[in-house]
Amino acid sequence: MKTTYYCVFFLLIGAGCARQPTLSANSPFNVTSKLNDSTWYGTGQLLRVKESIQRPDDGRQLNLLVYTDIDYPGMGSEPNPNTTTGCLNGDCTRTQILMIYNIPFKKGRTTLAKLNKRSPNEQANLSYVGNSGGLAKRYIDKGAEPNWIRVTKINQATGVVEGRFALSFKEDMTVYNRLENGMPATAQFTGGLFRIKVKDVIMK
């Protein structure tokens, strides 16, 4: 009896692990999440940076870049603070930029702490930028949990990669804070999903 119980138990666990949440097929955005419990979305790119001498399939790390034009407190009134297209068509004034570097190009989950160790000069971050493009505030990994990104599916034929993320950033106090407007000290992404086609960037 106990053997049957344990078999069923582990089968249920295995089935739960296999069913990963995915981005809705009709989502207009290739990245969605909750940011501090508010709906967040944007246009993402997965960049595979390679040297010119490398073969097309040699690049084994990805950089995730997501940008949006969602407003934030203190952004200002020019040129288009009321536009919230998520930069879907590329014609937008970017207000927030999320960057995660050195993601392994394979299925699995990786913590930001591990990614940041691979390249200390390329730290995952969320940046708020002003209308003129200057940095207004930045949030970085300071060891809070949860803080991970998971690649759940790779379509080798189309180059599309799907995944999830949960991020807990804190304000980067080394950046001069020009926004005295009560913005939170933390930026927490929950339920993050993405489905993006990999783009190769050749270094010359």
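## Charged pairs and ring pairs

Arg195 and Glu162 form a salt bridge, with their closest N and O atoms 3.6 Å apart. This pair links distant parts of the chain: Arg195 sits in strand β10 and Glu162 in strand β9, 33 residues apart. Arg195 is partly exposed, at 26% relative accessibility, while Glu162 is buried, at 10%. Keep in mind that this is a predicted model.

Why would such side chains get together? Side chains of opposite charge can pair when their charged atoms come close.

Searching the whole structure turns up 4 salt bridges.

Lys137 is in strand β7 and Glu171 in strand β9, so their pair ties together parts 34 residues apart in sequence. Both of these residues are buried. As for the next pair, Asp172 is buried, with a relative accessible area of 6%, whereas Arg138 is partly exposed at 26%.

Now for the rings. The count comes to 5 aromatic pairs. Take Tyr72 and Tyr128: their ring centres are 4.8 Å apart and their planes meet at 70°, so this pair is edge-to-face. Tyr128 also pairs edge-to-face with Tyr139, at 5.9 Å centre to centre. Tyr72 and Tyr128 are buried, and Tyr139 is buried too. Elsewhere, ring pairs link Trp40, Phe165 and Phe189 into a cluster.

Charge and ring can also meet: the charged end of Arg94 sits over the ring of Tyr67, 3.6 Å from its centre.

Key
Residues numbered from 1 in each chain as written. Predicted model: local features only at pLDDT ≥ 70, side-chain atom pairs only at ≥ 80, totals over all residues. Heavy atoms only, no water. Phe/Tyr/Trp six-rings, centres within 6.5 Å; stacked < 30°, edge-to-face > 60°. Buried < 20%, exposed > 50% of the residue type's maximum accessible area, 1.4 Å probe, protein only. Lys NZ or Arg CZ within 6 Å of the ring centre and 35° of its normal. Salt bridge = Lys/Arg side-chain N within 4 Å of Asp/Glu carboxyl O. Helix = DSSP H or I, 4+ residues; strand = E, 2+ residues; numbered from the N terminus.
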